[in-house]
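These are my notebook entries from a first look through this structure. I wrote them in the order in which I looked things up.

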Amino acid sequence: MLEKVLQEAVSEPLTQDEALYVLNKVQTIEDFLELAKVASKVRDDEVGAVFKFDGFIGSITPCTTNPPCKYCSRSAGNRPDFAEKPITVEEVELGAKLIESTGTKRVELGGGTLWNGAGEKVLEAVKAVKRVSSMDIWINVGPSLTKDDLIKLKDLGVKEVCSSLETINPEVFKDAKPGDSLEARMKLAEEINEVGLGLKSVMMVGLGSSYEDYVKHIFWLKKFENLSSATVTGLRPIPGTPFQNRPMANPLEVAKVGAVARLVLRDVDVGFGGMMNDPRMLPLWIMAGANRAIHLGAHIHRAWSTPIRHPNTVVEKHGEIEFVNMLPLTTRLAKEMGMEVDVE
């Protein structure tokens, strides 16, 4: 039965029942390899065997969500870049120049959810990038933008805006994100689609969602005609947070959910990253049908006291910000998996 469902998925999207069946049925390495083989073929056929590496500039807005999300490092009190000190317009310009110099073609302007007044700060940051580079821009600042903000962003040439639910299950959402609003995030997704911007969204494995929730979430995304990118990530508990003792999401489960998303959504960018942006995971993500990654390219952020260092990456300090270029490592890994890369 699994073999038949996967064989048909080469040419036809999975139905909801089939997606749930695959998630439940794939429990062995052998079955996962069959799923990965089909997801990779669908990726190659529908969007091409080219891997996209996005740049990242952030945080451009502080997060005022109160209380903080229980898995976020803000809830451990050790992220002043999000909580208190977003980067300046001048630092955005510098970051854009440095990132574009790597050959990167698109960049995320990311930040915390500023529940009031985010639009002006985001528009300033977009204009700063536009002044010094020709990269495509997408925005991820939580449910803090109005429909009017979205129209202005589209007029400025922004390509995508992200509205991440993380989970579509209201009870799981409320437990993990007590200061946030599932309704606000769903409304933002509707408005992004309505104004004709590309809709990007993230779902997180390991918060307590069921396979039924993942399927419901994927098919909720499928209804948007302007869906451009779906990212799957997994919980990585951070010391000091309320979720510090939760089990880390199994990367194979994350890959399985992403592969099923590929077989449903077909021709959109499917990515992995977020809390699971370790470059060592990249070959697994590519096996699962991914063609895009967050935070595995070149990025700028406020310099941290305990930065993560990966071999074969470039790290430069520029005043109070840090430029990290992972592309020498990650583009090699993608090419070794048989992919082309979109970095010039």
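I began with His295, which I found in the loop between β9 (292-293) and β10; here strands (E, at least two residues) and helices (H or I, at least four residues) are DSSP runs numbered from the N terminus. His295 is not a glycine, yet its phi is positive, about 70°. I noted for comparison that most residues other than glycine have a negative phi, and most peptide bonds are trans.

Before going on I wrote down that this is a predicted model, in which local features need pLDDT of at least 70 and side-chain atom pairs count only at pLDDT 80 or more, while totals for chains, interfaces and linings use all residues. Residues are numbered from 1 along each chain as its sequence is written, and side-chain values use heavy atoms, with hydrogens and water left out.

I then looked up Glu166, in the loop between β5 (160-162) and α8 (170-176), which is not a glycine and has a positive phi of about 70°. Glu166 counts as buried because its relative accessible area is 10%, where buried means under 20%, exposed over 50% and partly exposed in between, with a 1.4 Å probe and protein chains only.

The bond from Gly58 to Ser59 is cis, with omega near 5°. Pro67 is found in the loop between β2 and α4, and a cis bond with omega of about 0° joins Asn66 to Pro67.

My next entry concerns Asp269, which lies in strand β8 (residues 269-272) and counts as buried because its relative accessibility is 8%. Leaving aside neighbours within four places in sequence, I find Asp269 in contact (heavy atoms within 4.5 Å) with Lys52, Ser228, Ser229, Ala230, Arg262, Asn291 and Arg292. From Asp269 to Ala293 there are 24 residues in sequence and 9.3 Å in space, C-alpha to C-alpha.

How do α3 and α11 pack? Helix α3 (residues 29-46) and helix α11 (residues 251-265) have axes 9 Å apart and an angle of about 40°, the axes being lines fitted to C-alpha atoms over the stretch in contact, with angles from 0 to 180 degrees between N-to-C directions. That makes α3 oblique to α11, since angles under 35 degrees count as roughly parallel, over 145 as roughly antiparallel, 65 to 115 as roughly perpendicular and the rest as oblique. On the α3 side I listed Ile29, Phe32, Leu35, Val38, Ala39, Val42 and Arg43, which meet Leu252, Ala255, Lys256, Ala259, Arg262 and Leu263 in α11.

I also looked at helix α2 (residues 16-25), whose buried residues are Ala19, Val22 and Leu23. Seen down the axis of α2, these residues fall within an arc of 100°, so they line one face of the helix; the arc is that of the directions from the helix axis to the C-beta atoms. Their cover includes α1 (2-9), α3, α10 (211-222) and α11.

My last entry is on helix α13 (residues 327-336), where Leu327, Leu329, Thr330, Thr331, Leu333 and Ala334 are buried. These buried residues pack against β1 (50-53), α12 (282-287), β10 (298-302), β12 (321-325) and β13 (340-341). After α13 comes Gly338, with a positive phi near 90°.
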